Amino acid sequence: MLENYLPVLMQMLMAAGFAGVTLLASVLAGKSAKRNKMKDSAYECGMLPLGEAQPRFSVKFYIVAMLFVLFDIEVVFMYPWAVIFKDYVAVFGAAIFWWMLSFVGILLVAFLYAWRKKALDWSS
Amino acid sequence: MSPLSLELGLGLLGLVLLLVESFASVPRKLIAYAAIGGLLAALAVIVSGAAGSVPDSLKEFYVVDPLALFYKGFAIIATLATIILSLEYAPIIHQFVATHPERTKEAGLGEFYSLPLFVCVGMMVMASAVDLITIFVALELVTVSFYVLVAFMRRSAASLEAGVKYLILGALSTGLLVYGMSWLYGMTGELSLSGVAYKLAHWEGNSAPILFAVGLMLAGLAFKVGAVPFHIWIPDVYQGAPTPVTAFLSVGSKAAGFVVLTRIVGTFLTPGSVVAGPVIQILLILGGATILLGNLAAIAQTNFKRLLGYSSIAHAGYLLVALACIHTGGLKMTSGEVAAFYLATYLPMTFVCFLILSAMRAKGYGEDIASLKGLGRANPTLGLALAIALASLAGLPLTAGFMGKFFVIFATVLEGYYTYLAIAVIGAATGFFYYFKVILAVYSKPDGPSEGPTPDLGLLSKVSLAVFVAAILVVGVYPDLIRFALVK
Amino acid sequence: MSLLEIIILLPLLAALVTWLGSPARITALAASLLNLVLVGWAFLNYQSLHGADGAMAFRHARTVLTSPHIQFAVGADGLSLTMALLTVLVTLAALWSLVDKERIYYTSTLLIASGALGAFLCTDIFFLYAFHELALIPTFLMIALFGHGDKKDAAWRITIYLGVGSLILLAGLLGVVWYCSPEKGKLTFDLLALKPLAADAPYAKYAAANFFVLLVGFGTLVSLFPFHSWAAPAYAAAPTPIAMMHAGVLKKFGLYGLIRIALPLLPTGANTPWVQHALLYMLLGNILVMGFVTLHQRRLDGLLANSSVMHMGYIFLGLASGNALGQNGAVLLMFAHGISVALLFMLCGRLRNQLGTLEFDKLGGLAANAPFLSLIFGVGAFASIGLPGLANFAGEVLIFLSTFKNFQASEGFTFLQITTILSLWGVVISAVYMLRAYRKIFFGQPSAGHFMSDPSLLQRVPMFLLAAVLLVVGLYPAILLNVVQVSLAATGLK
């Protein structure tokens, strides 16, 4: 019975193993020497650290980052479409163009919405 | 007319409304009315039976059977009720969204009226989806829209907290679900549910990986419907979210989870399936635990919204047990139809509770059970409506809620699951206790010496309140009203 | 719309109209008077039409659900008409005795009446059950909102007990439906259709267990011994009309259900020795244990409440006798007890209103100023003891006789007969506490500061009505027995 679960176990081991190996490698490969305050400080090539270690960023950064991800993802759909476009345009005709355009249209609505809501306006 | 065009139409309406919201400065109420109009039109198409079939090329992904049409109608009604509820709740939303509430009048309301449309589209697609990818995409459309709605009151810490909790646990459950789906696909090589069912029925060899996939998927869906032990997020999220969204979550999101569960469980329990036994066991244990914990934990609640949260957990338990009872021939209903019937009875009573809660909140009352005191005298109509809805939630005979429980309990008798029959009975008895606590509050004298403002509802809300209360009473004595819609 | 449907819906309609704002007292009294006339007409008509064969009459059905087959089906035989008569009589008295009360008293009493009538007149298990539940809601609410003393605790107790009890009952009823169905595709809740099916039910081995579940479910509703502890506090706390309606009428639903459903459909279950023995032990608990508890009550409301629990034991004894005589006696006693306990609770409410206390130590000598009241209270109390000439006596005698029906001296006493002999002590106990209470309240040294006057002529009407019924049925029990007997025989009870 239990040996039936071997594939499951292997999958889990692989997932855990990958994470473990990565963590282990970073421990082994990095930070090998002894640490002291002098070594941790910026040396000749940077500013002395000032302020909080984790400063609060303006929420605008997140908005921009999110918008970037959203509009970036559309390429995932457009790229394969572009690849097969030539073959399929013979079958479906111009329709295949309009299909993709409807998708882009939805994105356009999102873009217009973001624009009107001043999500792209850095100064306000 | 293909039902798919309904979904496209409603989606388009949502997009247009978003554009109107951002470009034109129309009164926000008009946006809500436009959404209501669109939903009513879609409902008319579904009820009239004009929604036909889909082209053969889509049948792998998208079916139009009575169950799908039923859930589509369900989604539309739930969305309609939510938007009407939102109109009632608008002042509170505005207060917690606008930067300067005293200067603006309707900031942030446009999106609040149009986002439910996208949830509706997601639920409607989900009702028809018979393909793992389609199911997943539709489910995500629902969930992502809900992330926004739950955290909508951005100046209310409770709403934000609810949003974050919902986002994190929602993402986790989605991860589990997708991981399970990928295992299932990996083992069977099929994405369509019919293909998976065929493979499961003719499976030879090692079934453990499939069980693993099944377990992951059921865990993911259990999160969505709020089954014990994946229910922890429910009370906090329900309490923190804006009241219309809470209502929508407890009805819409739950129904969405259950339509997917119905389809997927139906696939797993296909005759000859290798995983049928364990799946039934899992459903029963989840259901039993959910009934017990949901009901018992509800006893101690003092906040009405939180109590409704626990009650929604408890109801999910009955639904899970219903799904596990597959030999329901005596009822002339499949297990999925019993669950759908239960959900249909659950909709009106929940919305009545939330409508009245909104009315109270809009007049400055709190959300505690104690703040309901005196409602029976201040506004007898609302008091009676609430009492009827609560009696129905408790499952008293001659109300819709009893018919739902009746079918589930009957199904367990037919199946011979006496343990779960006992659990269902214990749960229902516990329900009596805490629902009656609320009814008692409604008819008690208010604590304070002076009487507060009388809670009241707008015209649209009054109409929907009347419709829902009538539905509770009529279905209570004539359940075939819903069954005819369900069983063709 | 058939006659019985009108009878059921009339109080419901009156409750709705009252809630909407019509003059409460007039509407309620008119509706209940009209209902009394209708039920009385049905009762007399039934006797002339079906007095001989005892069949279900006035039948009418509307299909609600096709599968499982559920109908809103009404029908009445002697048994159900007797119970309906009890309901309308007590309802009228309860409504009449209300003085200067809020609207909600009238609506809730009417609601309870409608639920009780529905429960007694429906021939479909589903609606029979559902109507009883409908009647329970206002009961719970009224106790919690307008009760006396420790009302919250009493209300919760009755809610939980009866809630659990009726759910167990539901499970048992579904079990019966399942038990009687020849094939799983054809489930029906129609009592009349189930009866022929029950004879050759395929799951005979479950009969005893199923009967026991029903006994516990129905028994909880009737305060059968270990499931009784909700009753006394609830009746003591309940507002007067609610105590009258529940103790007098609604409680009888449990017994009615046993006679109507459990005994005819599961006769083998009822005759199983362990079930019988369990029932006998439980009813002994009712009579003896509750008898002693009643003896030690120091307040009138507590005494009446506990004695009402105690008297259920005799009715169960009638059912346990297993023959027609005992069941006739049980039905007669159900009717008589309903009337007498309603009368006593009405008087008790009056005392509480005027005196503000019900403790025996603080009362005394009321008869001097209130002779009519003491007379009527005497009728109620003597009826409750079982004095010959009053209705309860006829029922109790039939029950006691029935258990000795098959007595043969050579075989000695069976357990049933030993139980009966022990139960006879209960009569002595109830005589002791009732007479003591009567003496303490109405005779002896008049207590200081408590003055009781006789009711006005108008307020004497309901008391007179109930007392007259007790007398008439007591002197001429055949008026009920004629129809009950044939109807019980028609349900197949031997």
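Predicted model: local features only at pLDDT ≥ 70, side-chain atom pairs only at ≥ 80, totals over all residues.
Figure 1. The C-alpha trace of chain B spans about 75 × 55 × 40 Å along its principal axes. Chain B holds 19 helices and zero strands.

**Figure 2. Burial and contacts within chain B.** Of the 488 residues in chain B, 62% are buried. Among contacts in chain B with a separation of 6 or more, 79% are made by residues 24 or more positions apart.

**Figure 3. The side of chain B that touches chain C.** Here 27 residues of chain B are in contact with 29 residues of chain C. Two elements of chain B, α16 (400-415) and α17 (418-442), each give two or more residues to this side. The largest share, nine residues, comes from α17(B). By class, the chain B side consists of 22 nonpolar, three polar and two charged residues.

**Figure 4. Surroundings of C:S430.** C:S430 lies in helix α18 of chain C, which covers residues 415-442. C:S430 counts as buried because it has 22 C-beta neighbours inside 10 Å, where the cut-off is 20 or more. Apart from neighbours within four places in sequence, the contacts of C:S430 are C:G291, C:S307, C:M310, C:S384 and C:I385.

**Figure 5. C:S430 and C:I261 in chain C.** These two residues are 169 residues apart along the chain, and their C-alpha atoms are separated by 31 Å.

Terms used: Residues numbered from 1 in each chain as written. Chains lettered and ligands numbered in written order. Contact = placed C-beta atoms within 7 Å. Helix = DSSP H or I, 4+ residues; strand = E, 2+ residues; numbered from the N terminus. Nonpolar A, V, L, I, M, F, W, Y, C, P; charged D, E, K, R; others polar. Buried ≥ 20, exposed ≤ 12 C-beta atoms within 10 Å, placed from the backbone.
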